[in-house]
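Okay, hi everyone, thanks for coming.

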Amino acid sequence: MRFELTLLGTNSAVPAYGRFPSAQVLNIQEKRYLIDCGEGAQMRMAEYGVPRSRIRQVFISHLHGDHIFGLAGFLSSQSLLGRQGPMDIFSPPGLEAPIRGLLGCGGGLSFPLRFHLVDTGRHQVIFEDKHTRVYSLPLVHRIPASGFLFREKERLRNMQPEKIKAYNIHYRDIPAIKGGADYRLPDGRLVPNEELTLPPAAPRSYAYCSDTAYSEALVPMIRGVDLLYHESTFCEDMAGHAAATGHSTARQAAAIARMAGARRLILGHYSSRYKNLSPFLEEARAVFPDAELGEDGKVFGVEWEGG
Ligand SMILES: [Zn+2]
Ligand SMILES: [Zn+2]
């Protein structure tokens, strides 16, 4: 029951010092979601062993080139590899025409491509499947931008097999008990649900906040998140420039993580001004000790707890 983030690119603007532009893949229970698709993303997938054909949804935060220039290449390769299943792309308005234009040059695709507009001003559910809900997170940037919160759905409670026997429970009553119902015995006595079941594992969550200026409005939306990727394009020495360009510093990313009660913070989207990343980590850890440097190829997992 994996919940695992693989970073494909952690630099901003241009590739530098072995760091590619923004892209990452989140694996939730073997469903893979691609988050942003900067140039070179598909090369990184090959390098890091990410099964490209398993990706069915792509979430694009905004239309700056360092987040989308790998998308046409990725889709084109999927077509050349004979993909049949549809691909859903969630993004702010304006992406469909240029992507279809580029792909049209290559003669079209072997599979349906479906675009879904994300309202960058609202925090709401934009996608869900069996195990996961994805929410938009309004960001503060120079152009409309949305982060994404991935949260596992609540699971059913775990039936204790020995109780089925002890109370002679019929199998048709089990789904209701797993849903939280008490159980009434033939003699009329009520067995409370807590006696029959154990609580399920807590839903795991991941928030992607890039690109954004410091925004405390994010805090209630990502409260208690297990894993937070918050951009830190600059260190505090460039705080003024960060604010002017719609970006954050490592210290600001850490402040958001602390206020939100995140369990872990991953830094990323570094400016090419910085070759050495250790100042980012020092700055963030002074505010939020569970901060780590995001780097291309790093994998961050969230354990399955309880249940
Ligand atoms: Zn960017
Ligand atoms: Zn940007």
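Predicted model: local features only at pLDDT ≥ 70, side-chain atom pairs only at ≥ 80, totals over all residues.

Let me start with the contacts: in the protein chain, take the contacts with a separation of 6 or more, and 65% of them are between residues 24 or more positions apart. In total the chain has 307 residues, and buried ones make up 41% of them. If you count elements, you get 10 helices and 18 strands. And for the dimensions, the C-alpha trace spans about 75 × 50 × 35 Å along its principal axes.

Now, domains. The domain assignment gives domain 1 as 3–155 + 200–301, and domain 2 as 158–197. Notice that domain 1 comes in two pieces of sequence, with domain 2 sitting between them in the numbering. The C-alpha centres of the two domains lie 43 Å apart.

Next, let's look at a sheet. Strands of a sheet pair through backbone hydrogen bonds, either parallel or antiparallel. Here we have an open sheet of seven strands, with mixed pairing, and the order is β6-β5-β4-β3-β2-β1-β18. Which strands stand at the edges? Those are β6, residues 113–117, and β18, residues 299–301; each has a single partner strand, so one side of each is left without a neighbour in the sheet. From one strand to the next, the twist averages 20°.

Let's zoom in on one pair. Strand β2, residues 23–28, and strand β3, residues 31–37, pair in the antiparallel sense, over six bridges. Look for I28, and you'll find it opposite K31 in β3. There's also a helix here: α1, residues 41–48, lies across β1, β2 and β3, and it runs at about 125° to β1.

Staying with the sheet, find Q57, which is in strand β4, residues 55–59. Is Q57 buried or exposed? It's buried, because there are 22 other C-beta atoms within 10 Å, and the cut-off for buried is 20 or more. Setting aside neighbours within four places in sequence, Q57 is in contact with Y33, D88, F90 and F127. For a sense of distance, take P200, which is 143 residues from Q57 along the chain: their C-alpha atoms are separated by 27 Å.

Last stop, helix α9, residues 250–260. Why do we say that α9 is largely enclosed by the rest of the structure? Well, eight of its 11 residues are buried, so that's where the description comes from. The buried ones are A250, R251, Q252, A253, A254, I256, A257 and A260. What do they pack against? That would be the strands β15, β16 and β17, plus helix α10. Just after α9 comes G261, which takes a positive phi of about 65°.

Let me finish on α9 and α10 together. Two packed helices are described by the angle between their axes and the distance between the axes. For this pair, the angle is about 35° and the axes are 8 Å apart. α9 passes α10 in a right-handed crossing. On the α9 side you have A250, R251, A253 and A254, and they meet F280, E283 and A284 in α10. By class, that contact has five nonpolar residues, no polar ones and two charged ones.

That's it from me, so over to you for questions.

Technical notes
Residues numbered from 1 in each chain as written. Chains lettered and ligands numbered in written order. Domains from an automatic or database assignment. Buried ≥ 20, exposed ≤ 12 C-beta atoms within 10 Å, placed from the backbone. Helix = DSSP H or I, 4+ residues; strand = E, 2+ residues; numbered from the N terminus. Contact = placed C-beta atoms within 7 Å. Pairing = 2+ DSSP bridges. Axes fitted to C-alpha atoms, helices over the stretch in contact; angles between N-to-C directions. Left-handed = near helix turned anticlockwise from the far one by under 90°. Nonpolar A, V, L, I, M, F, W, Y, C, P; charged D, E, K, R; others polar.
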